[in-house]
Amino acid sequence: MQDNYREFQRLGAELYVISVDSPAKSKVQVVQAEGIQFPVLADEDKKTIRAYGVDGGLFAKPSAFVIDKSGIIRYRSVGNTTHRESIDTLIEQLKLLRTFRLTVPSGTSLVHFPSVVTEFNGASRTVAKVSDLFDILGGEGNVNWLITTPAPERTRETQFQAFFKPSNVDFPANAPILPYTGILVSLRNTVMLELTGDPVEGAVRIIPGPNLVGIPNKNTSIKHVSDFARYPDFLARISLISIFADGKFHPFRPGDIASGQLDGDLEIVPGQAFVVVAKANWFQQF
C-alpha cells in the first residue's frame with residue numbers, strides 16, 4: 001500500500017489505516033515493520049470499528065472505506081481473513097469520485113466547472129479556455145453564445161464578453177476557465193457532459209462591475225445564499241448577488257443576506273455559477 005500512496009495523493013485523497021492494537025504496538029508492528037509513511041491510527045477501545053460495523057471479535061474484519069469530502073461513505077468492502085480489497089479497486093473508486101456529470105440544458109443557463117478538467121467523456125481532454133467549452137458543447141451547430149467576465153488587463157472594471165464562433169479565439173471572450181469562473185451559456189440542444197478533473201483548493205476573486213463566478217469544489221462553507229453572511233467583508237464590497245435557478249435570475253441584496261431576511265435561501269450546488277455585482281475588489285482563498 002505504501003507503494004501506491006502517491007497515487008492516492010495524486011487523486012486528491014488521504015489514506016488512513018486503523019488498527020485495534022495499542023499506539024505503541026501499531027508503531028512497531030505496522031509502521032516500522034512495513035515502512036509506512038501515511039497515518040496509522042490506533043482504535044484500542046474498538047469504538048471506530050464498531051461504528052463502521054467491522055468488529056470481528058479479537059480483530060477487526062479487513063475492510064476498506066472510501067469517504068467523500070462531505071463525510072459520506074461512497075464505497076465499502078468488508079472482507080475476512082482470506083479476502084482483502086485490492087489497491088486497484090480502491091484507486092478505481094477514487095477515480096470515480098473525480099468524475100463530474102453536468103447537464104447543460106437548452107436555452108440559457110449559468111455554469112461553473114468546480115475541478116480542473118483532464119478528461120471529457122472518457123478521453124483525455126483539457127477544458128482550459130472558453131473555446132474548449134465551446135467545442136465540447138457542440139460548437140457552432142449547438143452553441144448560440146458563451147458569456148464570461150474576464151478580468152481586464154488595463155482597466156479596473158469587468159465587462160461581459162461574448163464568444164459565439166471559432167474565429168473568436170483571439171478575442172478577450174476566450175478567457176481562461178479558472179476554478180472560480182462562471183459562464184453564461186445559451187444552447188440550442190441539451191448537452192450531457194461527463195468530466196473528470198483534479199480537485200482544486202481555489203480562490204474567488206471579484207473586481208468592480210459584474211462578475212460571473214462559482215465556488216471551487218474543495219470549499220464546503222458556502223452551500224446556500226445565507227452562507228455568504230460568514231464573509232461580512234464580501235457583503236460590504238458588493239451591491240447584488242443573483243442566482244440563476246428554475247430558468248430565471250433570483251437577486252439578493254447584501255443587507256438582506258447579512259440580516260437573514262431572505263426571500264428564499266437558494267442552494268448553491270456544484271456546477272452552478274452566480275452573478276456578483278461588485279463595488280470593490282475582494283479575494284478569498286479556500
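How many bridges join strand β9 to β10, and in which direction do the two strands run? Three bridges join β9 (residues 143–148) to β10, and the strands run antiparallel. The model is predicted: local features need pLDDT of at least 70, side-chain atom pairs count only at pLDDT 80 or more, and totals for chains, interfaces and linings use all residues. Residues are numbered from 1 along each chain as its sequence is written, and side-chain values use heavy atoms, with hydrogens and water left out.

**Sheet**

- Helices (H or I, at least four residues) and strands (E, at least two) are DSSP runs, numbered from the N terminus.
- Four strands form an open sheet in the order β6-β11-β9-β10, and their pairing is antiparallel; two strands pair if DSSP finds at least two bridges between them.
- β6 (107–112) and β10 (161–163) are the edge strands, each pairing on one side only.
- From one strand to the next, the twist averages 25 degrees.
- Thr148 has Gln161 in β10 as its bridge partner.

**Nonpolar cores**

- A nonpolar core is a set of buried Ala, Val, Leu, Ile, Met, Phe, Trp, Tyr and Cys residues joined through side-chain atoms within 4.5 Å; buried means under 20% relative accessible area, exposed over 50%, and partly exposed in between (1.4 Å probe, protein chains only).
- The largest nonpolar core has 24 residues, of which Val104, Phe113, Leu133, Leu137, Leu146, Val185 and Leu193 touch the most other members.
- Two or more residues of this core come from each of β5 (99–104), β7 (115–120), α5 (130–136), β9, β11 (182–187) and β12 (191–199).
- The element that gives the most to this core is α5, with four residues.
- Leaving aside neighbours within four places in sequence, the residues in contact with Leu193 include Phe100, Leu102, Val104, Phe113, Ile136 and Leu137; contact means heavy atoms within 4.5 Å.
- Val204, Ile241, Phe252 and Phe274 are among the 21 residues of a second, separate core.

**Aromatic pairs**

- Rings of Phe, Tyr and Trp (its six-membered ring) pair if their centres lie within 6.5 Å; planes under 30 degrees apart count as stacked, over 60 as edge-to-face and the rest as tilted.
- The count by this rule is seven aromatic pairs.
- Phe228 and Phe274 form an edge-to-face pair, because their ring centres are 5.5 Å apart and their planes stand at 70 degrees.
- This pair ties together parts that are 46 residues apart in sequence, because Phe228 lies in the loop between β14 (209–213) and α6 (232–236) and Phe274 in strand β17 (residues 274–278).
- Phe228 is buried, at 4% relative accessible area, and Phe274 is buried as well, at 2%.
- Phe228, Tyr231, Phe234, Phe274 and Trp282 are linked by ring pairs into a cluster.

**Salt bridges**

- A salt bridge is a side-chain nitrogen of Lys or Arg within 4 Å of a carboxyl oxygen of Asp or Glu, and by this rule there are four.
- One of them joins Arg50 to Asp55, with the closest N and O atoms 3.2 Å apart; Asp55 is partly exposed, at 29% relative accessibility.
- Arg125, Asp132 and Asp135 are linked in a network of salt bridges.
- Asp132 counts as buried at 16% relative accessibility, whereas Arg125 at 27% and Asp135 at 46% count as partly exposed.

Notes: Axes fitted to C-alpha atoms, helices over the stretch in contact; angles between N-to-C directions.
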